[in-house]
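Thank you for making time this morning; I would like to walk you through one structure, beginning with a pair of helices and then moving to a sheet.

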Amino acid sequence: MISALDIFRIGIGPSSSHTVGPMRIANRFLADLEKAGLLDHVHRFQISTQGSLAYTGAGHRTPEAICLGLLGFVPETTDPVAAEAALAALKATSNLCLPTGRSITFDPSTDLVADYETVPTLHPNGMRLQAFGSDGALVADQTFYSTGGGFIASQKQLETPLPDDLVGGGPEGPMAFRSARELLELCARHNLAISDVMLANEARKRPREVTLASLDAIAAAMAACIDRGLTQRGILPGGLHVRRRAPDLYNKLIANPMSNERETLFDWLNAYAMAVNEENAAGGRVVTAPTNGAAGIIPAILRFYLLDVKAPRETVHGFLLTAGAIGILYKQRASISGAEMGCQGEVGVACSMAAGALAAVWGGTPSQVANAAEIGMEHNLGLTCDPVGGLVQIPCIERNALAAVKAANAARLALQSHEAARVSLDQVIETMRQTGLDMSSKYKETSLGGLAVNVVEC
């Protein structure tokens, strides 16, 4: 089992799969070369992006992310200002300093290639990295995949099936689960909440206080991202001339704190979610939740229903752990990659996670939590990923706002029902997986269909 801290990771925008993942792949390639003692023999790199990374890479800043990875930047600690300065220097000098201290020539305009011809077979987000010696001989040739949410995998990893002792989570301990059914059985058998089961699993990976401190840091990073997004104005980069709207909406709300309009709830969730995704579109620091493209939904719910009312620390932990458990189910049983599942795998999953976590905070039983998560996904099934211009702006920013409202409603619906759900969480996850497999590739983060081709770019 992966950890909740794998689902929620601090990084930079605009995309976990197209920015964070490629940066990590470049880091990994350098580390592998250094470990093998090959880095001193490298005089040139040739890196090609494939599939969705090629089709929408420019809009998602994939080339810049690869360069940053080669320059030694890591997503968790990258300062956007320092990153831009490093990119400008690389572009001006074509001088790339390797971890060993030696420099080689690297020209992003020629050494980075968008390969539209190669169709990646193991995952739509393929990336081939080649290193050559001074005589032009091939030193290393690796293919990696950015599998969504900032996760990466080598070709060998994806081609190698899990050992039998890992299928079923044997060594993970008695609280490991492979399905929502198993998770609910654990809750019933031990009389535990979903967050308690998750905390028991996290305890096998690190000390309890380290986990709780990490959850605090995640909540703080989400809140800080909202705060930045509520104060930054202007036009988002990329050429679509999308204006930031969250600050104006927020100022209107705080100017009328006693407003009795029933729609005010929508406005608060809209402002918070859009603040995050406008920051993401600008390349700011965000938390994958579970991806960058869907990063505004869980923070919006967390901020409005917990942080704004100063909920106890343990309540915030429970919210994030419950959301993490649901996200893990989607990651392990289907996918959280927009290039693989369409936007149902990003915004749909985030909506499901937020709905289940909010139901838990509101006192729902584990079954009601699972029902809320199921409702959150059921009404996002088939959601396409067709960003205009390959940018994480239209329809992504508004889509997060709408999904935050939908998540709150899904939690309410689940808590009003005391009957067994007709559709289980496992069934809706499998349905999402099948729908993603059946969906035309042009509607899965390639900008080859849908809004991307029917909207004239400004």
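Is the crossing of α11 and α12 left-handed or right-handed? This is a predicted model, in which local features need pLDDT of at least 70 and side-chain atom pairs count only at pLDDT 80 or more, while totals for chains, interfaces and linings use all residues. Residues are numbered from 1 along each chain as its sequence is written, and side-chain values use heavy atoms, with hydrogens and water left out.

The crossing is left-handed, meaning that the near helix is turned anticlockwise from the far one by less than a right angle. Helices here are DSSP runs of H or I with at least four residues, and strands are runs of E with at least two, numbered from the N terminus. The axes of α11 (residues 246-255) and α12 (residues 264-281) come within 9 Å and cross at roughly 145°, where axes are lines fitted to C-alpha atoms, for helices over the stretch in contact, and angles run from 0 to 180 degrees between N-to-C directions. Among the residues of α11 that meet α12 are Leu-249, Tyr-250 and Leu-253, and on the α12 side they include Trp-268 and Met-274, contact being heavy atoms within 4.5 Å.

Turning to the sheet, five strands form an open, mixed arrangement in the order β5-β2-β6-β7-β8, with pairing requiring at least two DSSP bridges between two strands. The edge strands are β5 (112-115) and β8 (151-154). Strand β7 (residues 138-148) runs antiparallel to β8 and is joined to β8 by four bridges; Tyr-145 has Ala-153 in β8 as its bridge partner. Finally, helix α4 (residues 62-70) lies across β2, β5 and β6, at about 145° to β2.
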